[in-house]
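Here's a quick briefing for anyone opening this structure for the first time. Have a look at the model, then work through the points below.

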Amino acid sequence: CAMDKRQEYINAFHIFAGKKGYLTASDLVSTIHGLGFSTSAADISAKSGGASQVNLESFISVVSTLTPPSEEDNQALYEAFRLFDRQGTGAISAREFVNYGKILGEQFSDAEAQTIMGFAQDGVIFYEDLLKKMNGNKK
């Protein structure tokens, strides 16, 4: 439902904006990636007009133009998590995941790393739960 998505966007905005009430350019990228979009930082900057600060309505405007991840994208992400789950437990260390990202060339910003760590329970990411959260509990 469109209203559910809008509320999800509003919630994400408030998590990243905090008390300051706006997103910096870096926060904007982290927030959009945190919502599961794989749009490049350059594309996000272009869509926001290169703004250094983005308010809620501008954020909604930017994120509404993006294409959500496809089922194939979600399946590829699931397979990537499974690859790093050496024990086959359905979980990986959040710190390890951030480090794997660095090794594979996906340099997470501090904010993105914090977001990933925030999904962890006792330092562990249960990736099926994470994917459900990213996809609005529809997987």
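This is a predicted model: local features need pLDDT of at least 70, side-chain atom pairs count only at pLDDT 80 or more; totals for chains, interfaces and linings use all residues.

**H1 against H4**

- The crossing of H1 past H4 is right-handed.
- On the H1 side, the residues that meet H4 are Arg-6, Tyr-9, Ile-10, Phe-13 and His-14.
- On the H4 side, their partners are Leu-56, Glu-57, Phe-59, Ile-60 and Val-63.
- Sort the residues of this H1 and H4 contact by class and you get seven nonpolar, one polar and two charged.

**H1 against H2**

- Helix H1 covers residues 2-17 and helix H2 covers residues 25-34; their axes come within 10 Å and cross at roughly 140°.
- That angle makes H1 oblique to H2.
- H1 passes H2 in a crossing that is right-handed.
- Here Ala-12, Phe-13 and Phe-16 from H1 meet Asp-27, Ser-30 and Thr-31 from H2.
- The class tally for the contact of H1 with H2 is three nonpolar, two polar and one charged.

**H2 against H4**

- H2 packs with helix H4 (residues 56-64) at about 50°, and the two axes are 12 Å apart.
- H2 and H4 are therefore oblique to each other.
- H2 goes past H4 in a right-handed crossing.
- Leu-28, Thr-31 and Ile-32 of H2 make this contact together with Phe-59, Val-62 and Val-63 of H4.
- The contact of H2 with H4 splits into five nonpolar residues, one polar and no charged ones.

**The nonpolar cores**

- How many residues does the largest nonpolar core have? The count is 19, and the residues with the most contacts inside this core are Leu-23, Ile-32, Phe-59 and Val-63.
- Leaving aside residues up to four places away in sequence, Val-63 touches Tyr-9, Ile-32, Leu-35 and Phe-37.
- There's also a second, separate core of 16 residues, which includes Tyr-100, Ile-116, Ile-125 and Leu-131.

**The loop between H2 and H3**

- Leu-35 sits in the loop between H2 and helix H3 (41-47).
- Is Leu-35 buried or exposed? Leu-35 counts as buried, because its relative accessibility is 9% and the cut-off for buried is under 20%.
- Leu-35 and Gly-18 are 17 residues apart along the chain, and their C-alpha atoms are separated by 16 Å.
- Thr-39 is also found in the loop between H2 and H3.
- Thr-39 is buried too, at a relative accessible area of 14%.
- Which residues does Thr-39 touch, not counting those up to four places away in sequence? Thr-39 touches His-33, Ile-44 and Leu-66.

- Ile-15 and Thr-115 are 100 residues apart in sequence, yet 9.7 Å apart in space from C-alpha to C-alpha.
- Asp-122 lies in the loop between helix H7 (110-119) and strand S4 (124-126).
- Asp-122 is exposed, with a relative accessible area of 84%.
- What is phi of Asp-122? The angle is near 55°, a positive value in a residue other than glycine.

Notes:
Residues are numbered from 1 along each chain as its sequence is written. Side-chain values use heavy atoms; hydrogens and water are left out. Axes are lines fitted to C-alpha atoms, for helices over the stretch in contact, and angles run from 0 to 180 degrees between N-to-C directions. Helices (H or I, at least four residues) and strands (E, at least two) are DSSP runs, numbered from the N terminus. Angles under 35 degrees count as roughly parallel, over 145 as roughly antiparallel, 65 to 115 as roughly perpendicular and the rest as oblique. A crossing is left-handed if the near helix is turned anticlockwise from the far one by less than a right angle, and right-handed if clockwise. Contact means heavy atoms within 4.5 Å. Ala, Val, Leu, Ile, Met, Phe, Trp, Tyr, Cys and Pro count as nonpolar, Asp, Glu, Lys and Arg as charged, and the others, Gly among them, as polar. Buried means under 20% relative accessible area, exposed over 50%, partly exposed in between (1.4 Å probe, protein chains only). A nonpolar core is a set of buried Ala, Val, Leu, Ile, Met, Phe, Trp, Tyr and Cys residues joined through side-chain atoms within 4.5 Å.
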